[in-house]
Amino acid sequence: MSLSLWIGALLIPVAVLLVDAGRRKLTLMRIARPFLITAVIVPFVMPGFDLQGRGLLLEIVGIVVGALLGLAASALMKVEYDGGSRMVMTVAGAPYVLIWGAVSAARTLFAYEAEESVSFQRSLGEFLVSNHISPAALADAIMFLGFAMLIAQRGSLFLRSRRLTPAAVSAA
């Protein structure tokens, strides 16, 4: 597999799980880091936008599916205010780890099969040709799925944490 696919398929989910699993402080840097990483990495690893037709549609589908998976992952995390430390905390357990693991495994398996399995390559190639989709658009869609998942998950955590100010907690 190419380096960009390995980064998207394995490195990002592992980094996310190292930062999120268990009970953790929700800091501004923890929210902002994925946005910064995405802004830096995407221009270097993106094969190139397919700005027309079904290739563009596939890229958009990758973004939408990634965002939905990110929201699902976020829903599996608790966001709570710890009055003792006066910090917003997140709690991520096995279901959260499982969703990231399943998405990462599916993306890695797809990329591996696309490079190693002749029958899968043939079927995938026929699909791409018959739908007028470039291989670059497919690679973009896979990469965008991972980045969109991370950004949607962090965005959701940020919005949920904003509702947990000390005044809101004491009012509840």
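Let me start with Asp 20 and Arg 30, whose side chains meet in a salt bridge with N and O 2.8 Å apart. By salt bridge I mean a side-chain nitrogen of Lys or Arg within 4 Å of a carboxyl oxygen of Asp or Glu. Asp 20 belongs to helix α1 (residues 3–20) and Arg 30 to helix α2 (residues 28–45), so this pair ties together parts that are 10 residues apart in sequence.

Before going on, a word on the model. It is a predicted one: local features need pLDDT of at least 70, side-chain atom pairs count only at pLDDT 80 or more, and totals for chains, interfaces and linings use all residues. Residues are numbered from 1 along each chain as its sequence is written, and side-chain values use heavy atoms, with hydrogens and water left out.

Back to the pair. Are Asp 20 and Arg 30 buried or exposed? Both are buried. The cut-offs are under 20% relative accessible area for buried, over 50% for exposed, and partly exposed in between, with a 1.4 Å probe and protein chains only. Asp 20 counts as buried because its relative accessibility is 0%.

Asp 20 has another partner. Arg 154 forms a salt bridge with Asp 20, and the closest N and O atoms are 2.7 Å apart. Arg 154 sits in helix α6 (residues 135–162) and Asp 20 in helix α1, so here the parts tied together are 134 residues apart in sequence. Arg 154 has 3% relative accessibility and therefore counts as buried.

Next, a salt bridge between strands. The side chains of Asp 82 and Arg 23 meet at 3.3 Å, N to O. Asp 82 is in strand β2 (residues 77–82) and Arg 23 in strand β1 (residues 22–25), so the pair links distant parts of the chain, 59 residues apart. Asp 82 is partly exposed, at a relative accessible area of 24%, and Arg 23 is partly exposed at 42%. As for shared partners, salt bridges join Asp 20, Arg 30 and Arg 154 into one network. How many salt bridges does a search of the whole structure find? The search finds 4.

Now the aromatic rings. The structure holds 2 aromatic pairs. One of them is Phe 110 with Phe 120, an edge-to-face pair at 5.4 Å centre to centre and 85 degrees between the planes. Rings of Phe, Tyr and Trp (its six-membered ring) pair if their centres lie within 6.5 Å; planes under 30 degrees apart are stacked, over 60 edge-to-face, and the rest tilted. Phe 110 is in helix α4 (residues 94–116) and Phe 120 in helix α5 (residues 118–130), so the pair ties together parts that are 10 residues apart in sequence. Phe 110 counts as partly exposed at 27% relative accessibility, and Phe 120 is partly exposed with a relative accessible area of 27%.

Phe 110 also takes part in helix packing. Phe 110 is among the α4 residues that meet α6, including Tyr 96, Trp 100 and Arg 107. On the α6 side, the residues include Leu 138, Met 149 and Arg 154, where contact means heavy atoms within 4.5 Å. The two helices, α4 and α6, pack at an angle of about 170 degrees with their axes 11 Å apart. Axes are lines fitted to C-alpha atoms, for helices over the stretch in contact, and angles run from 0 to 180 degrees between N-to-C directions. How do α4 and α6 run, roughly parallel or roughly antiparallel? They are roughly antiparallel; the cut-offs are under 35 degrees for roughly parallel, over 145 for roughly antiparallel, 65 to 115 for roughly perpendicular, and oblique for the rest.

Staying in α6, Ser 161 lies in that helix. Ser 161 counts as buried at 13% relative accessibility. Leaving aside residues up to four places away in sequence, Ser 161 touches Leu 26, Val 79 and Val 88.

The loop between α5 and α6 contains His 132. Phi of His 132 is near 55 degrees, a positive value in a residue other than glycine. Most residues other than glycine have a negative phi. His 132 counts as exposed, at 67% relative accessibility.

Last, the whole chain. The protein chain has 7 helices and 3 strands, in the order α-β-α-α-β-β-α-α-α-α along the sequence. Of its 172 residues, 37% count as buried.

How values were computed. Helix = DSSP H or I, 4+ residues; strand = E, 2+ residues; numbered from the N terminus.
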